[in-house]
Amino acid sequence: MQHTSTQDTLVGLFVASGIVGLFFLALQVSNLSSFSEHDSYTVTARFENSGGLKVKSSVSSAGVKIGQVTAISFDPKTYESVVKMSIDKQYSTLPDDTTASVYTAGLLGEQYVNLDAGGSDEYLKDGGKIDVTNSAIILEKALGQFLFKSAAEEKK
Amino acid sequence: MIKFLQNLGKNTRTGFTKLGRGTFFLLQTISGIPSVLPRIRLLLNQMYSIGVLSFLIITISGLFVGMVLGFQGYHVLSDFGAEETLGIMVAASLVRELGPVVTALLFAGRAGSALTAEIGLMKATEQLSGMEMMAVDPIKRIISPRFLAGFLSMPLLAALFSAVGIIGGQLIGCALLGVDEGVYWSQMQANLDFRDDIVNGVIKSIVFGFVTSWIALFEGYDTIPTSEGVSRATTRTVVNSAFSILGLDFILTAIMFGDN
């Protein structure tokens with residue numbers, strides 16, 4: 001058995017390094033540091049088609065992440081996709097005629113919601129609605145239209 | 001035929017009595033924990049032999065597991081041109097699964113077997129009965145500090161394992177195979193959730209620490225007091241711990257990650 005004070009030091013070091021490991025995981029590895037849900041407000045947008053959008057997909061404006069998608073549901077009356085987003089409180093000055101579009105990061109990347117600010121003087125409030133939306137571009141649909149068009153042109 | 005049925009009945013009965021003794025033992029151990037707290041030195045000694053002495057094997061294994069994940073992940077992901085997601089793959093597999101499970105298996109082999117052998121020998125050499133003769137409760141004096149130390153050390157060791165593994169993956173992925181360092185970390189941070197991934201991983205390691213310490217101590221306490229009995233008990237500790245860790249891991253994973 002080693003001298004007790006060295007043993008104490010080693011136990012202390014062990015516990016400290018374990019806690020450092022946990023902090024490392026919490027702050028460096030996960031998204032804890034980048035976004036917290038406490039200081040945020042919620043807005044909803046209705047899309048004709050929200051494509052591959054998922055809960056926790058990011059919401060960005062001008063390329064900067066400002067929030068995330070919290071819920072996606074289907075409205076059986078209007079056949080639209082209802083997307084709830086929570087946006088960081090510090091970006092509370094988005095105009096109420098902001099346009100929401102579903103974009104894809106890169107050709108095959110994840111889908112996200114992009115908000116393009118409008119020119120209105122009124123700001124979006126907690127629980128507000130975004131009226132102008134652009135649906136996700138479905139690659140198969142776009143390709144199909146393109147092929148159809150080029151076939152039609154060849155016939156002429 | 002009758003003999004077979006007799007054997008089956010006997011085995012079932014001994015299995016259930018053992019389970020009953022185990023549960024009773026666990027309750028006694030837990031009720032002994034409050035009396036450990038005033039004598040913190042007992043706990044520190046055990047933290048040293050259970051936690052600190054496992055430190056090296058855990059960190060080195062973590063580093064190697066992370067490096068292997070880096071190689072294998074890169075190999076598969078580069079087929080799809082998705083090397084950038086290496087960070088997510090390494091971190092998610094370590095934090096959710098490999099960290100808690102491999103740490104618990106190593107812990108059972110390194111610390112669990114030592115605990116069983118120590119307590120089994122104490123019983124075989126009648127040190128435990130000696131303590132009772134001196135009106136010292138062996139559960140409070142011997143078992144509870146070891147249980148608490150195992151229970152506390154396990155999450156710390158698992159966190160270290162994952163953290164070191166992620167650094168090992170970065171070492172291979174970024175320094176050797178040329179994945180961009182910033183992308184490795186930012187993809188990881190964007191896709192791992194604190195509550196869903198990290199907290200669930202820690203919960204897993206707490207459960208495994210609880211079960212492994214319980215099995216190790218009970219097998220030692222319940223051993224047949226001969227040298228053969230001790231050796232059998234040590235084997236049973238490792239085998240039973242491995243079974244319960246993997247089985248519980250399946251159940252916990254199904255509960256935590258099953259719904260999406």
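Reader: Does B:A135 count as buried or exposed?
Author: This is a predicted model, in which local features need pLDDT of at least 70, side-chain atom pairs count only at pLDDT 80 or more, and totals for chains, interfaces and linings use all residues. Residues are numbered from 1 along each chain as its sequence is written, while chains are lettered from A and ligands numbered from 1 in the order in which they are written. A residue is buried if 20 or more other C-beta atoms, placed from the backbone, lie within 10 Å of its own, exposed if 12 or fewer, and partly exposed in between. B:A135 has 6 C-beta neighbours inside 10 Å, so the residue counts as exposed.

Reader: Where in chain B is B:A135 placed?
Author: Helices (H or I, at least four residues) and strands (E, at least two) are DSSP runs, numbered from the N terminus. B:A135 is not a glycine, yet its phi is positive, about 60°. Its place is in the loop between α4 (127–133) and α5.

Reader: What is the phi of A:Y79?
Author: A:Y79 is found in chain A, in the loop between β3 (64–75) and β4 (80–88). With 9 C-beta neighbours inside 10 Å, A:Y79 counts as exposed. This residue is not a glycine, but its phi is positive, near 55°.

Reader: Which pattern does chain B follow along its sequence?
Author: Chain B has 260 residues, of which 42% count as buried. Its C-alpha trace spans about 65 × 55 × 30 Å along the principal axes. The chain has 8 helices and 0 strands. Read along the sequence, the pattern is α-α-α-α-α-α-α-α.

Reader: How many residues of helix α1 of chain B are buried?
Author: The expected span of a helix is 1.5 Å times one less than its number of residues. α1(B) has 31 residues and reaches 45 Å from first to last C-alpha, close to the 45 Å expected. The helix is hardly covered, and its count of buried residues is 2.

Reader: How many residues of α7(B) are buried?
Author: α7(B) covers residues 194–221 and reaches 39 Å from its first C-alpha to its last, close to the 40 Å expected. This helix is largely enclosed by the rest of the structure, because among its 28 residues the number buried is 20.

Reader: At what angle do the axes of α1(B) and α5(B) cross?
Author: Axes are lines fitted to C-alpha atoms (for helices over the stretch in contact), and angles run from 0 to 180 degrees between N-to-C directions. Angles under 35 degrees count as roughly parallel, over 145 as roughly antiparallel, 65 to 115 as roughly perpendicular and the rest as oblique. α1(B) and α5(B) are therefore roughly perpendicular to each other. Their axes come within 8 Å and cross at roughly 90°.

Reader: Which residues of α1(B) make the contact with α5(B)?
Author: Two residues are in contact if their C-beta atoms lie within 7 Å. On α5(B) the contact involves B:I139, B:K140, B:I143, B:S144 and B:F147. On α1(B) it is made by B:Q28, B:T29 and B:G32.

Reader: How many residues of chain B are in contact with chain A?
Author: One contact between the chains joins B:L157 to A:G18. From chain A, 18 residues take part, and their partners in chain B number 23.

Reader: Which strand holds A:L115?
Author: With 24 C-beta neighbours inside 10 Å, A:L115 counts as buried. Beyond its neighbours within four places in sequence, its contacts are A:V59, A:S61, A:L94, A:T98 and A:A100. Its place is in chain A, in residues 111–116, which form strand β6.

Reader: How far apart in space are B:T226 and B:K123?
Author: B:T226 is in the loop between α7 and α8 (227–257) of chain B. With 11 C-beta neighbours inside 10 Å, B:T226 counts as exposed. B:T226 and B:K123 are 103 residues apart in sequence, and their C-alpha to C-alpha distance is 9.0 Å.
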